[in-house]
Amino acid sequence: MKQIGDYLYTINFTSQIVSIWKIREISGDHYICENKRTDKIREFSKDDPSIFDTEEAAEEYADYL
């Protein structure tokens, strides 16, 4: 289970770019995260299929696409 301060890794399925997000808040079944590179804030559902636990897993999946 993810906690505040943990990181999420997401894939943009169109561009196959992996983004790194730091969890700032957990609200019900959503993570409110800050992008590590751009400081952008975004909310993710905990069951979002674009979320990965490690950067390596996200990159591996992006390579598969």
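**Reading salt bridges and strand pairs**

Me: Which side chains do Lys2 and Asp53 bring together, and in what kind of contact?

Reply: The side chains of Lys2 and Asp53 meet in a salt bridge, 3.4 Å from N to O. The term means a side-chain nitrogen of Lys or Arg within 4 Å of a carboxyl oxygen of Asp or Glu. The pair links distant parts of the chain, 51 residues apart: Lys2 sits in the segment before strand S1 (7-12), Asp53 in the loop between strand S5 (51-52) and helix H1 (55-64). Helices (H or I, at least four residues) and strands (E, at least two) are DSSP runs, numbered from the N terminus.

Keep in mind that this is a predicted model: local features need pLDDT of at least 70, side-chain atom pairs count only at pLDDT 80 or more, and totals for chains, interfaces and linings use all residues. Residues are numbered from 1 along each chain as its sequence is written, and side-chain values use heavy atoms, leaving out hydrogens and water.

Me: Is Lys2 buried or exposed?

Reply: Buried means under 20% relative accessible area, exposed over 50%, partly exposed in between (1.4 Å probe, protein chains only). Lys2 counts as buried at 17%, while Asp53 is exposed at 57%.

Me: How many salt bridges are there by this rule?

Reply: The count is 2. Glu34 also forms one with Arg24, with the closest N and O atoms 3.5 Å apart.

Me: And how do S1 and S2 pair?

Reply: Two strands pair if DSSP finds at least two bridges between them. S1 and S2 are antiparallel over 6 bridges, and Ile11 has Val18 in S2 as its bridge partner.
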